[in-house]
Amino acid sequence: HLIREHFEWLFEESNRVLLIDEFDAVARSRASQEMHSDEKADVNEMLVQLDKATRRGSMVICTTNYLASLDDAVLRSGRFSHFLPVPPPDQEASVAIVSYYLDRLGKDEAGNRDERLQVETPSADRVAEMVSELWSNGVRGSGRICGADLEAAVNAAYIGAARDASRTGTNERNHVVVTEERLRYAFRNTRRSISVESMRRFLDEIEAHSSEDVFRSYQAMLAL
């Protein structure tokens, strides 16, 4: 049984941490009429293992975008001691995200640069300025940008620049220049994929599971 196996791995060493991404996929409410008996058994097993982790003092971290869909028993006191809301990136975080993906251009999965490829990108100051413009052009009530939206914008700018380079590059070395104009154009066409409805649901869940002070701070942050 996969759930039990993952927790057995956790319990083997005291310094291990188990991270369960998309937790709603394995711990959604058993009250759902569409839920199969095998899925209900998975939730039951998850509850047993979470209780065991609590008794052993083991750390389990779970992430989800659909907190309201989790089984009520999962959210009861004693199974999870902290609820940490993760909001969409603010302007400062957006600069860091864009800078990260620009720095990754021309590198492999291990972060090693391809010596046959030279990628030139705007300076850090210019990137910060362009992200500031992106934020100032946002319309209240139009949704928010997530990290994946920013990654897509960087990739779009790079692909356009790489196409230009393929027409003028040499066989010995490719030189790709991601210009400010191309990156700014990509930002202007960046999708704001976090809807207002999603953010309101996010605030509702914070209100239900956090203190009033925490709720008010996130409410002000998201400016809904």
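**Entry: helix H9**

I began with Glu212 and Arg216, which both lie in helix H9, four residues apart, about one turn of the helix. An α-helix has 3.6 residues a turn, so residues three or four places apart point the same way. I note here that I am working from a predicted model. The side chains of Glu212 and Arg216 meet in a salt bridge, with 3.8 Å from N to O. I looked up the accessibility of both partners. Glu212 has a relative accessible area of 54% and is exposed, while Arg216 has 44% and is partly exposed.

**Entry: other salt bridges**

How many salt bridges does the structure hold? I find ten. Side chains of opposite charge can pair when their charged atoms come close. One of the bridges joins Glu12 to Arg16, with the closest N and O atoms 3.0 Å apart. Glu12 is exposed at 54% relative accessible area, and Arg16 is partly exposed at 23%.

I then checked Arg126 and Glu180, whose side chains form a salt bridge at 2.8 Å, N to O. This pair links distant parts of the chain, since Arg126 is in helix H5 and Glu180 is in helix H7, 54 residues apart. Arg126 is partly exposed at 27% relative accessibility, and Glu180 is partly exposed at 22%. Arg126 and Glu180 also belong to a network of salt bridges with Glu129.

**Entry: helix H8**

I compared the length of H8 with what its residue count predicts. H8 runs over residues 196–209 and has 14 residues, so at 1.5 Å a residue it should span 20 Å. Its end C-alpha atoms are 20 Å apart, which agrees. The buried residues in H8 are Val196, Met199, Phe202, Leu203, Glu205 and Ile206. Helix H9 is included in what covers them.

**Entry: helix H3**

H3 covers residues 37–56, 20 residues in total. From first C-alpha to last it reaches 29 Å, close to the expected 28 Å. Which residues of H3 are buried? I list Val43, Glu45, Met46, Leu47, Gln49, Leu50 and Ala53. Their cover includes helix H1, strand S1, helix H2 and strand S2. Just after H3, Gly57 takes a positive phi of about 75°. Glu22 also has a positive phi, about 50°, although it is not a glycine. I place Glu22 in the loop between S1 and H2, and it is partly exposed at 40% relative accessible area.

**Entry: nonpolar cores**

The largest nonpolar core has 23 residues. Among those with the most contacts inside it are Val98, Leu102, Tyr158 and Phe187. Helices H4, H5, H6 and H7 and strand S3 each supply at least two residues of this core. H6 gives the most, with seven residues. I followed Tyr158 and left out residues up to four places away in sequence; Tyr158 touches Leu105, Leu117, Val119, Val176 and Val178. A second, separate core has 19 residues, including Ile3, Leu10, Leu18 and Ala53.

**Entry: surface**

Where on the surface is there a nonpolar patch? Val17, Leu19, Met59 and Ile61 form one, with about 360 Å² of accessible area together. Strands S1 and S2 each supply at least two of its residues. Val17 lies in S1 and is partly exposed, at 39% relative accessible area.

Last, I looked up Glu92 in helix H4. Glu92 counts as exposed because its relative accessibility is 67%, and the cut-off for exposed is over 50%.

Key. Residues are numbered from 1 along each chain as its sequence is written. This is a predicted model: local features need pLDDT of at least 70, side-chain atom pairs count only at pLDDT 80 or more; totals for chains, interfaces and linings use all residues. Side-chain values use heavy atoms; hydrogens and water are left out. The expected span of a helix is 1.5 Å times one less than its number of residues. Buried means under 20% relative accessible area, exposed over 50%, partly exposed in between (1.4 Å probe, protein chains only). Contact means heavy atoms within 4.5 Å. Patches are made of residues with over 30% relative accessible area and no salt bridge: like charges are joined within 9 Å, nonpolar side chains (Val, Leu, Ile, Met, Phe, Trp, Tyr) within 5 Å. Accessible areas come from the Shrake-Rupley method with a 1.4 Å probe; for residues, only the protein chains shown count as cover. A salt bridge is a side-chain nitrogen of Lys or Arg within 4 Å of a carboxyl oxygen of Asp or Glu. A nonpolar core is a set of buried Ala, Val, Leu, Ile, Met, Phe, Trp, Tyr and Cys residues joined through side-chain atoms within 4.5 Å.
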